[in-house]
Amino acid sequence: MAMATMGESPRSPEAKLGMRVEDLWDVQEPQLSPTEKLNACFESIPVSAFPLDPSNTEIEIKSDATLADAVKILARHNVFSAPVVDVEAPEDASWMDRYIGIVEFAGIVVWILHQSEPTSPRCPSTPSSARAIAAAANGAAFALELEALGLGSAATTAGNFFEDLTSSELYKNTKVRDISGTFRWAPFLALERSNSFLTMLLLLSKYKMKSVPVLDLGSGTIDNIITQSAVIHMLAECAGLQWFESWGTKKLSEVGLPLVTGNQIIKVYEDEPVLQAFKVMRKKRVGGVPVIERETKKAVGNISLRDVQFLLTAPEIYHDYSKELPD
């Protein structure tokens, strides 16, 4: 009954894509395993079939925009990332010369965290400290401001740090192009509209990308950005379909996921500063971590890169209120 209802009235554009997989599933060779059938189906569907996200279309950030401006644009359109256009590229430039990458909330914070790391003891002459990088990119005044904000110390993770940062001249004047080398998506990877859905899934998984831009080669512009969350939403809309039920109802222990011990789980404790969670995510290259109660060792929540926007759009919520509590 669920399959019939879904076939008559798909719940979303993503559900229609699921129905397309269903049609392809029925004509696959019977000797193929469910995984082989699924790969064959996804290989037959171009990424141009993936529904457009209205919030992501035609939103671009110029390379000479400041970090503050970029955050405002992302927040205003309620998106987490947007392609960056090189303002110095000629009008007839190819897409490879037109776009320098994708910037996002997390990418901006990653850049800030990078500035907080001290110079490597192996390469003391490498200008990787906050002061040296800022001096090279923005001049000595910015370097001094970084140091005044405490970014020269990796231990700075609490208090009014982000409030001070978002009101600083460093934040207001640093250009998006100045942090292009630290974009989380560098090197810039993109799909053509004719590439397969399977190729897109491989990029999201193999390269741990949070989103993949889709190019219209005719116009040389990005006309869609497919995110991990959108793909997960699509899969959720496919519940009840034959192809989904063949593997989607399996237990996690049956799909070959690697097992880890409790000591190997990447986590943060609830009494740690929130910035520490993002430092852990950056160091371990993960998109989220569970929040653990230190005494009971029980999970009380989670924090992910989706939450990183609040560090920049609502920094006042990250006060170190523990200092204001009575004894």
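Biologist: Which residues does Ile 61 touch, not counting residues up to four places away in sequence?

Modeller: The model is a predicted one. Leaving out residues up to four places away in sequence, its contacts are Ala 70, Ile 73, Leu 74, Ala 82, Pro 83, Val 84, Val 85, Val 103 and Val 176.

Biologist: Which residues of α4 are buried?

Modeller: Buried here means a relative accessible area under 20%. In soluble globular proteins, nonpolar side chains tend to be buried together. In α4 the buried residues are Leu 67, Ala 68, Ala 70, Val 71, Ile 73 and Leu 74.

Biologist: Which residue with a positive phi follows α4?

Modeller: After α4 comes a residue with phi near 55°, namely Asn 78.

Biologist: Are α3 and α11 roughly parallel or roughly perpendicular?

Modeller: The two axes come within 6 Å and cross at roughly 110°. Angles of 65 to 115 degrees count as roughly perpendicular, so the relation of α3 to α11 is roughly perpendicular.

Biologist: How many residues of the contact of α3 with α11 are nonpolar?

Modeller: From α3 the contact takes Asn 39, Phe 42 and Glu 43, and from α11 it takes Phe 197, Leu 198 and Leu 201. One of the contact residues is polar and one is charged. The number that are nonpolar is four.

Biologist: Is Trp 25 buried or exposed?

Modeller: Trp 25 belongs to helix α2 (residues 13–25). Not counting residues up to four places away in sequence, it touches Pro 34, Lys 37, Leu 38, Cys 41, Gln 242, Trp 243 and Ser 246. Because its relative accessible area is 4%, Trp 25 is buried.

Biologist: How far apart in space are Trp 25 and Leu 38, C-alpha to C-alpha?

Modeller: Leu 38 is one of the residues that Trp 25 touches. The two are 13 residues apart in sequence. From C-alpha to C-alpha, the distance is 7.3 Å.

Biologist: With which residue does Glu 60 form a salt bridge?

Modeller: The count of salt bridges comes to three. In the one made by Glu 60, the closest N and O atoms are 3.0 Å apart, and the partner is Arg 98. This pair links distant parts of the chain, 38 residues apart, with Glu 60 in the loop between α3 (34–43) and β1 (61–62) and, in helix α5 (residues 95–98), Arg 98.

Biologist: How far apart are the closest N and O atoms in the salt bridge of Asp 223 with Arg 193?

Modeller: Asp 223 forms a salt bridge with Arg 193. The pair links strand β6 (residues 221–227), which holds Asp 223, to the loop between β4 (191–192) and α11 (197–206), which holds Arg 193, 30 residues apart. Arg 193 counts as partly exposed because its relative accessibility is 33%. The closest N and O atoms lie at 2.7 Å.

Biologist: Does Asp 271 count as buried or exposed?

Modeller: The side chains of Asp 271 and Arg 294 meet in a salt bridge at 3.0 Å, N to O. Arg 294 has a relative accessibility of 37% and so counts as partly exposed. At 52%, Asp 271 counts as exposed.

Biologist: In which strand does Tyr 269 lie?

Modeller: Leaving aside neighbours within four places in sequence, Tyr 269 is in contact with Val 291, Ile 292, Glu 293, Arg 294 and Lys 297. Tyr 269 and Pro 290 are 21 residues apart in sequence and 8.4 Å apart in space, C-alpha to C-alpha. The strand that holds Tyr 269 is β7.

How values were computed. Residues are numbered from 1 along each chain as its sequence is written. This is a predicted model: local features need pLDDT of at least 70, side-chain atom pairs count only at pLDDT 80 or more; totals for chains, interfaces and linings use all residues. Side-chain values use heavy atoms; hydrogens and water are left out. Helices (H or I, at least four residues) and strands (E, at least two) are DSSP runs, numbered from the N terminus. Buried means under 20% relative accessible area, exposed over 50%, partly exposed in between (1.4 Å probe, protein chains only). Contact means heavy atoms within 4.5 Å. A salt bridge is a side-chain nitrogen of Lys or Arg within 4 Å of a carboxyl oxygen of Asp or Glu. Axes are lines fitted to C-alpha atoms, for helices over the stretch in contact, and angles run from 0 to 180 degrees between N-to-C directions. Angles under 35 degrees count as roughly parallel, over 145 as roughly antiparallel, 65 to 115 as roughly perpendicular and the rest as oblique. Ala, Val, Leu, Ile, Met, Phe, Trp, Tyr, Cys and Pro count as nonpolar, Asp, Glu, Lys and Arg as charged, and the others, Gly among them, as polar.
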